[in-house]
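Me: I would like to go through this structure with you. Could you take my questions one at a time?

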Amino acid sequence: MMASAQLTARQVRGLRKAGDVLIPGDSELPSFSGSGCVAHVDGMLDYMHGGDRDGLKALLGVFGLLPKVLIRGIIALTEHHHGVPTALGSVLRMINTGVKGVVMTLYYSDVGGQGQSIYQVIKYDAKVVRRDQ
Amino acid sequence: MSTLYDAIIVGAGTSGSFVAHQLTQGGMKCLVLEAGHFFTRDTYPRTELAANAQLYWGGGVELNRDADIGFLRPKVVGGGSIVNQALMDRFDDVALDAWRAESGVSFFTPAALDPWYQKAEAELSLQTIPVRYHNRNAHIFCEGFDRNGYVWAPLRRAQRDCRYEDGNDCIVCLAGCPIDSKQSMPVTVLRRAIEGGAEVVSDCEIQEVAESNGGVRVRGVQRDGSTAEYQGGRLILASGAIGNSMLLLRSGFGATRPRVGQGFYSHPQYMHLAAYDEPVNAHKGPLQSVKSADAQFRRSGFKLENVYAPPVGIAMLIPGFGRSHARHMKQIAHLACIEVAVRDTNPGRIRAGNKGQPIIEKRLNAEDGARRDRGFAAVRNIFLSTGAREIISGNIAISLHLMGGCNMGTDPARSVVSPEFRLHGSRHIYAADSSVFPNAPGINPALTIMALSTKASEQILADART
């Protein structure tokens with residue numbers, strides 16, 4: 001289990017489970033937990049507003065206790081928030097943006113360092129050449 | 001706290017840098033305070049994770065209460081000029097007529113602002129992208145416009161020697177330009193201010209401001225948690241719509257100026273992607289080369305932008321999850337992108353939360369929704385007429401143009417800042433950034449912020465002489 005100054009072991013488990021629901025991986029792309037990107041989670045959480053961070057940590061703690069199939073159901077529900085009354089819709093959108101934001105940022109920043117480079121698989125090769133280097 | 005500054009400027013973004021430069025040139029001793037870090041081309045964060053976390057408030061994005069608009073609020077020395085695409089358009093009659101009607105301020109006309117625009121433009125290198133460097137995303141944009149009878153035009157950008165011949169990709173510069181070609185404040189106007197003697201203190205978030213007969217006193221928290229206090233003859237608020245509103249509200253100015261935090265606009269932007277059989281490589285070369293210049297679009301309350309985003313941004317935009325989401329991500333090199341930017345009509349409100357973070361109340365009304373939908377209809381026409389095989393639309397808006405909250409006007413009961421750029425009822429507190437905008441112009445605000453800040457600086461220097 002990776003060390004995080006921000007997350008407990010249960011919250012890290014929750015993050016890995018939610019991450020693997022969002023990004024299960026395939027023959028080319030590693031899964032979220034298999035990419036090694038979870039090790040960089042503090043690089044995000046350290047900069048979040050305290051209230052947002054506390055809410056996210058509480059949610060990840062709950063995910064740590066739930067089976068993946070239930071997490072999948074919750075995330076699927078948060079994807080379908082159109083037409084949902086405002087107050088509930090706001091909560092669903094907040095959960096969706098929070099969980100998806102952390103997972104997608106960690107994974108698609110290609111910082112994991114384990115297995116195949118995400119950027120190589122998706123063919124993202126942006127660069128700026130410095131002539132002095 | 002022994003030093004007494006002629007001017008304390010809170011916020012080292014576009015407005016703060018221009019004001020610092022002009023006031024320093026005018027002989028004032030200036031201090032610029034910035035909550036974000038002072039990066040250079042050697043130290044800008046180079047992963048999307050680090051860039052989002054370290055260059056924006058809230059670790060990347062802040063949401064409105066309804067959680068359907070994400071606000072990108074720069075927190076870095078240079079502000080928006082570090083993370084934007086440096087689009088430099090003057091405001092037109094449509095925008096300024098609406099400003100004049102809302103505010104009663106007579107100088108909101110293209111002719112009256114012309115000298116200030118000219119002065120601002122003279123500080124930067126402004127270029128359009130040669131057609132030979134346009135990427136395929138731009139070609140699709142132009143081809144789709146032509147096929148549908150829409151009008152497009154080249155964009156004018158603040159840049160110098162981007163060396164496209166070296167294969168440089170401007171998308172990298174959304175996290176700060178590694179070759180200092182983008183005309184960000186730290187390599188242009190702020191650099192000149194510092195050379196002229198202005199002091200910059202970064203990583204210092206100002207919590208409170210107090211005004212007395214003798215001037216102003218500000219208190220901030222530094223990165224290590226320690227408190228810092230500064231005093232000066234005058235204060236220039238330059239931390240944007242949310243930052244200025246929050247500082248005034250926290251400092252108790254809302255009690256006597258009830259409009260503080262109100263009249264908030266943000267140009268909600270909706271990105272639409274389309275998959276093509278052939279590679280598009282929208283991330284290569286100049287990120288934004290062209291823009292919509294269609295009078296019908298302007299009348300309809302939206303504009304279309306030729307734009308793209310790095311992988312995390314695209315991943316957040318694509319709905320769904322699991323293997324279908326991954327399938328779209330593997331097509332990233334085949335995706336084109338056009339963004340609808342809504343000229344929003346429904347003002348929002350900024351309030352200070354208990355834990356110090358902003359509470360942003362912002363909704364689209366029926367007219368704003370209709371503007372968004374009319375824009376999407378045009379995007380669909382463009383994509384479908386250029387061979388797109390699938391259109392993917394995100395369901396969250398992103399806002400980067402954060403405006404209002406300290407709106408300018410002649411009536412103190414309906415505005416916060418006077419036409420002289422002073423807080424109504426104040427002798428020492430000024431603002432000239434996007435927070436003073438009376439409503440949404442529907443045009444990228446950077447150049448007008450520069451022009452207003454240049455005009456405000458002349459006012460501040462004149463006030464100091466009397």
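This is a predicted model: local features need pLDDT of at least 70, side-chain atom pairs count only at pLDDT 80 or more; totals for chains, interfaces and linings use all residues.

Me: Let us start with chain A. How many helices and strands are there in chain A?

Reply: Chain A has six helices and zero strands. Along the sequence the pattern reads α-α-α-α-α-α. The C-alpha trace of chain A spans about 55 × 35 × 30 Å along its principal axes.

Me: And what percentage of chain A is buried?

Reply: Of the 133 residues in chain A, 42% are buried. Among the contacts in chain A with a separation of 6 or more, 69% are between residues 24 or more positions apart.

Me: Is α2(B) mostly covered or mostly uncovered?

Reply: Mostly covered: seven of the eight residues of α2(B) are buried. Among them are E48(B), L49(B) and N52(B).

Me: What do the buried residues of α2(B) pack against?

Reply: They pack against elements of both chains: α2 (42-45) and α5 (86-108) of chain A, and α3 (80-83) and α10 of chain B.

Me: Changing topic, what is the strand order in the open sheet of chain B?

Reply: The five strands run in the order β9-β3-β2-β13-β23 (chain B), and the pairing is parallel. At the edges are β9 (199-201) and β23 (429-431) of chain B; each has a single partner strand, so one side of each has no neighbour in the sheet. From one strand to the next, the twist averages 20°.

Me: How many bridges join β13 and β23(B)?

Reply: Three bridges, in the parallel sense, join β13 (residues 235-237) of chain B to β23(B). Within β23(B), A431(B) stands opposite L237(B).

Me: Which helix lies across β2, β3 and β13 of chain B?

Reply: Helix α1 (residues 14-25) of chain B does, running at about 170° to β3(B).

Me: Which residues touch the most other members of the largest nonpolar core?

Reply: The core has 186 residues, and V103(A), I8(B), I9(B), V10(B), C30(B) and A431(B) touch the most other members. Domain 1 and domain 2 of chain B both give residues to this core, so the core lies between them.

Me: What is I8(B) in contact with, apart from its neighbours within four places in sequence?

Reply: The contacts of I8(B) beyond those neighbours include L31(B), L33(B), V216(B) and Y230(B).

Me: Last topic: how far apart are the C-alpha centres of the two domains of chain B?

Reply: The C-alpha centres of domain 1 and domain 2 of chain B lie 29 Å apart. Their contact takes 16 residues from domain 1 and 15 residues from domain 2. Helix α8 (residues 240-250) of chain B supplies the largest share of the domain 1 side, seven residues. That side has eight nonpolar, six polar and two charged residues.

Note on methods
Residues are numbered from 1 along each chain as its sequence is written. Chains are lettered from A and ligands numbered from 1 in the order in which they are written. Two strands pair if DSSP finds at least two bridges between them. Helices (H or I, at least four residues) and strands (E, at least two) are DSSP runs, numbered from the N terminus. Axes are lines fitted to C-alpha atoms, for helices over the stretch in contact, and angles run from 0 to 180 degrees between N-to-C directions. Two residues are in contact if their C-beta atoms, placed from the backbone, lie within 7 Å. A residue is buried if 20 or more other C-beta atoms lie within 10 Å of its own, exposed if 12 or fewer, and partly exposed in between; C-beta atoms are placed from the backbone. A nonpolar core is a set of buried Ala, Val, Leu, Ile, Met, Phe, Trp, Tyr and Cys residues joined through C-beta atoms within 7 Å. Domain bounds come from an automatic or database domain assignment. Ala, Val, Leu, Ile, Met, Phe, Trp, Tyr, Cys and Pro count as nonpolar, Asp, Glu, Lys and Arg as charged, and the others, Gly among them, as polar.
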